[in-house]
Each structure stands twice: as structure tokens, then as C-alpha cells.
Amino acid sequence: RLFRQEGTCYQQVKRVLHAVVPNRLHGREKETGIIRQFLREHVGGHRPGSLYISGAPGTGKTACLSRVLLDCKDELAGSKTIVLNCMALSSPQGVFPAVGEQLGLPAAAGREGVRRLEKQLTARGPMVLLVLDELDQLESKGQDVLYTLFEWPRLPSSRLVLVGLANALDLTDRSLARLGARPAGGPRLLHFPPYTREQLTAILQERLGQVAGDTVLDAAALQFCARKVAAVSGDARKALDVCRRAVEVVELEVRSQTLLKPLPGGE
């Protein structure tokens, strides 16, 4: 009975420390507001456009965008939303059949498939929001794939709003330099800086505050973890992982101690 009670407590703490999309993203209010406003102006306003979101791993890029998409679900109901993780594609060119499949187009390879997509995205219909996570996986010789994607919102009568996410801050300068030289310019840029010690502490405290009862990790431990992670990377997922691993170690120690205790009434 004692083991089950203690186990339940630790299981709850480990559950809230998983890197899921929270209801509120500490330290990312500004970035969340920019993404929300961009979607309202372009998807809601029927204005094609593109946004490039950069930042190191664990700085909240995907979590922020996912939170905005959930919050704006009703506003985006009249549009078609496609979310692809480019890590899952076998090659950069694989993005075109993947998008075509989501739009209900028959399979077509090479230039024919791209032409069909361009025709579909410039025909009458609802706005299309295309979210490409891990966008740097689409870099290729000559950057033809990335250029094609970021050119689509510029096509006459386009109804595409493109949002790309990647770790590299200079991807647009390095791989899409030609776009910046054109009158319309390149995509809008939004950078996510590493989390600070204070922000990481607030994230950890908010997660652990969801568990009722005595605190498993005390304030000094959270401050120590936040300070170390902020100094190395500012990666919120790393801070959550460190705390979750600490809870697992304590849980194993408690389990071994509990199993060695005599049963009530035993000799």
C-alpha cells in the first residue's frame, strides 16, 4: 500500500515533466503573439506570405506554434492546415508528393508533381497553411526545393501561407539569398533565443505545481538545474529531462527501501 501511494506520486511528477505542449509557455509571450498575429493577418486576411522561425533545439519553436494552432483552431477552420516534419521525408524532393497527398492530388513525380501543386495553390479555394518543421532537412544542391516552396506564396493568386521552422539562424541568408534581393523580399523572420535561468525555473515550477501534495524536487534543486542548463544551452527539454531523471533515481531508491521493510504485524 505504501509503495503504491509513493509510486503514484512519482508517476504524476514524471508525467508533468514530459515535453508536451503546455497551456501556457513561460517566456515566450512575445513570440506567441507574433505567430498568432501573422496567422490572423495572412490566413484570416487571405494574404499569402511566409514566416521563418529559427532557434536552437528546446527553445520552444514547435511548442509555441502548436499552442497557437490549438488556440486559433476556430479562426483557421475555414482553411486547410498541413503540418509536416521534414525529418520523416526520405529526400528533400519528397516534400512535394507529401503536400500533394494532403491536398488530395493524384501522385505525380518530378516537375509534373510540382506543376500540379502550383496550379492547385493558385486556383480558387480556401487558404492553405503549410507548416514545415525541421525545414533545414530540405536543403539540397542549388536549394531548388527551398526556393520553390518560398516562391509559392509569391505566385499570382496564390493562397499559400508557409511557416518553416529550423535550428539555423542564417538559413535564409545562406540558402535563400536570392529571395532577399527581390522586391517582395524574403520570408518574415522570427528568432527564439535560448531560455534564461529565470525562465527555465518558471517552466519547471509551473510543471511541478500541477502535482498536489508535498514537493518532490525542492526549490534549490530546480534553481541548480535551471542555472546549469541555461549556461550550456537554454534547452527547456533538457531541463525537463534532467528533473525527470532525478525523480526516476529517487523513485528507484524509495522502491528498494520499501521492498526491504517488514510487513505490518510481521516478526
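In helix H10, the residues Leu222, Cys225, Ala226 and Val229 are buried (buried means under 20% relative accessible area, exposed over 50%, with a 1.4 Å probe and protein chains only). Seen down the axis of H10, these buried residues fall within an arc of 95°, so they line one face of the helix; the arc is that of the directions from the helix axis to the C-beta atoms. The model is predicted: local features need pLDDT of at least 70, side-chain atom pairs count only at pLDDT 80 or more, and totals for chains, interfaces and linings use all residues. Residues are numbered from 1 along each chain as its sequence is written, and side-chain values use heavy atoms, with hydrogens and water left out.

**Helix H10**

- Helices are DSSP runs (H or I, at least four residues) numbered from the N terminus.
- H10 covers residues 219-232, and its 14 residues should span 20 Å at 1.5 Å a residue, which agrees with end C-alpha atoms 20 Å apart; the expected span is 1.5 Å times one less than the number of residues.
- Ala220 and Ala231 are exposed, on the face of H10 turned away from its buried side.

**Cysteines**

- The whole structure has 0 disulfides (a disulfide is a pair of cysteine sulfur atoms within 2.5 Å).
- Cys225 counts as buried because its relative accessibility is 7%.
- The closest cysteine sulfur to that of Cys225 is in Cys243, at 3.9 Å, too far for a bond.
- Cys72 counts as buried, at 3% relative accessibility.

**Cavities and pockets**

- On a 1 Å grid over the protein atoms alone, a cavity is a set of points where a 1.4 Å probe fits but cannot get out, and a pocket is an open set with protein on both sides within 12 Å along at least five of seven lines; lining residues have an atom within 4 Å of a point.
- There are 2 cavities of 30 Å³ or more, and the largest cavity holds about 40 Å³ of space.
- Leu39, Arg40, Val43, Gly44, Cys72, Glu75 and Leu76 line the largest cavity.
- The second largest pocket holds about 300 Å³ of space. Of the 21 residues that line this pocket, Gln93, Phe96, Pro97, Gly110 and Val114 are the closest to its centre.
- Helices H4 (95-102), H5 (110-121) and H6 (144-151) each supply at least two residues of the lining of the second largest pocket, and H5 gives the largest share, 6 residues.

Conventions
Points joined across faces, edges and corners; volume = space filled by probe spheres on them.
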